[in-house]
Amino acid sequence: MSLKLEQFIKFTTDSVGLERTFRLFQATVQILASFAIPFDLLLYVTLSTGATPSSSSVRVILKALNQRLGLARRFFRLFRFLESFNAAQKLYYKLSSPEAQKGKPRGYLVKAEPWLDVFARTFNGMYLLLEASTIVDALQIPGLAVWTPEWERTITVEGQRFWLFSLVCGCLYNLLEIPLAAASTPPPELPAREKNAGEGSLKGISKKGTDKPSKEMNEKEAQALEERTRIWRQQVSAKTYKLGRAATANALDIILPGSVVGWVKVQPGTVGLAMFVTTILTGMEVWERCGREVSGI
């Protein structure tokens, strides 16, 4: 069995990967229901199968399918608030420890950057907690509810507000982390022992009256330094790419809770497009993780 197939199986059976897959389906359904050309194409495909549904009935089906997919996704993240709060608590203890206060003096942004991650995880935990508290009401079973309809709507909106705060903090954290990640990984230099070895070789060579061995040693050292520089550039580029991808996903995802809270005025089709793009961006991270697990890295 090929590694790509094993990676695909791992992704589709992973809880986060499966939630991302359902999210992609939900975004596609919302796009189909919101834009004329995709909707007309769907009608054409439906008519080619021999069925003759009306456009209104197809829209009703797409709306119901969108709601069902959204509800199915909520079960995958029912207890994810525990994970967010736990991660925020660990970061808080780490930043508040005496060891973290020691070291070289740091600027304001360098000090504030890790706290943005703490706030992002805390706000995300509050969003997931409020969402989990309305899961029974979301089932829409007559006579089974935890909150009144008014309280459920209020809790849902407030949960979306916490999610928006989490996305803003996460976006700022990723943007600030990009230059700090490059600065924390200094470029390679020639090791001191190689410098000393080179100097010793040059002294011995000068006594013999020839410089051919020194040139060969310098070429080897230059090649080794060039190889380490190439690896360093790849590491910095990979870190920058992942942080930029996460910042882009968080920035675009702000459209979703922003439209629910009322702070961002967009059409449902725009929300569907943003959801589609961010699902791919965030799903890539899960896909890469599954690939590392399959490869044993």
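Tutor: Let's begin where two helices meet. Leu3, Lys4, Glu6, Gln7, Phe8, Lys10 and Phe11 in H1 meet Gly283, Val286, Trp287, Glu288, Cys290, Gly291, Glu293, Val294 and Ser295 in H13. Contact here means heavy atoms within 4.5 Å. The residues of that H1 and H13 contact split into seven nonpolar, four polar and five charged. For those classes, Ala, Val, Leu, Ile, Met, Phe, Trp, Tyr, Cys and Pro are nonpolar, Asp, Glu, Lys and Arg are charged, and the others, Gly among them, are polar.

Student: What kind of model is this, and how are the residues numbered?
Tutor: It's a predicted model: local features need pLDDT of at least 70, side-chain atom pairs count only at pLDDT 80 or more, and totals for chains, interfaces and linings use all residues. Residues are numbered from 1 along each chain as its sequence is written, and side-chain values use heavy atoms, with hydrogens and water left out.

Student: Why are H1 and H13 called oblique to each other?
Tutor: The axes of H1 (residues 3-13) and H13 (residues 268-295) cross at roughly 120° and come within 9 Å. Axes are lines fitted to C-alpha atoms, for helices over the stretch in contact, and angles run from 0 to 180 degrees between N-to-C directions. Under 35 degrees is roughly parallel, over 145 roughly antiparallel, 65 to 115 roughly perpendicular, and the rest oblique. The H1 and H13 angle falls in the rest, so the pair is oblique. H1 also passes H13 in a right-handed crossing.

Student: What makes H2 and H13 roughly antiparallel?
Tutor: Their axes come within 8 Å and cross at roughly 160°. That angle belongs in the antiparallel class, so H2 is roughly antiparallel to H13. The H2 and H13 crossing is left-handed. Residues of the contact of H2 with H13 divide into eleven nonpolar, eleven polar and three charged.

Student: Why does alanine 64 count as partly exposed?
Tutor: Alanine 64, in H4 (residues 55-76), has 27% relative accessibility, so it sits in the in-between class.

Student: What makes serine 84 buried?
Tutor: Serine 84 has 10% relative accessibility, so it counts as buried. It's in H5 (residues 80-96), and it touches Arg121, Asn124, Gly125 and Leu128, not counting residues up to four places away in sequence.

Student: Why is aspartate 117 called buried?
Tutor: Its relative accessible area is 12%, so aspartate 117 makes the buried class. Aspartate 117 lies in H7 (residues 108-133) and is in contact with Leu91 and Tyr173, leaving aside its neighbours within four places in sequence.

Student: How do you know that glutamine 140 is exposed?
Tutor: At 66% relative accessibility, glutamine 140 counts as exposed. It lies in the loop between H8 (135-138) and H9 (149-183), and it has a positive phi of about 55° although it is not a glycine.

Student: How many helices and strands are there in the protein chain?
Tutor: There are 13 helices and zero strands. Helices (H or I, at least four residues) and strands (E, at least two) are DSSP runs, numbered from the N terminus. Of the 297 residues in the protein chain, 31% are buried.

Notes: A crossing is left-handed if the near helix is turned anticlockwise from the far one by less than a right angle, and right-handed if clockwise. Buried means under 20% relative accessible area, exposed over 50%, partly exposed in between (1.4 Å probe, protein chains only).
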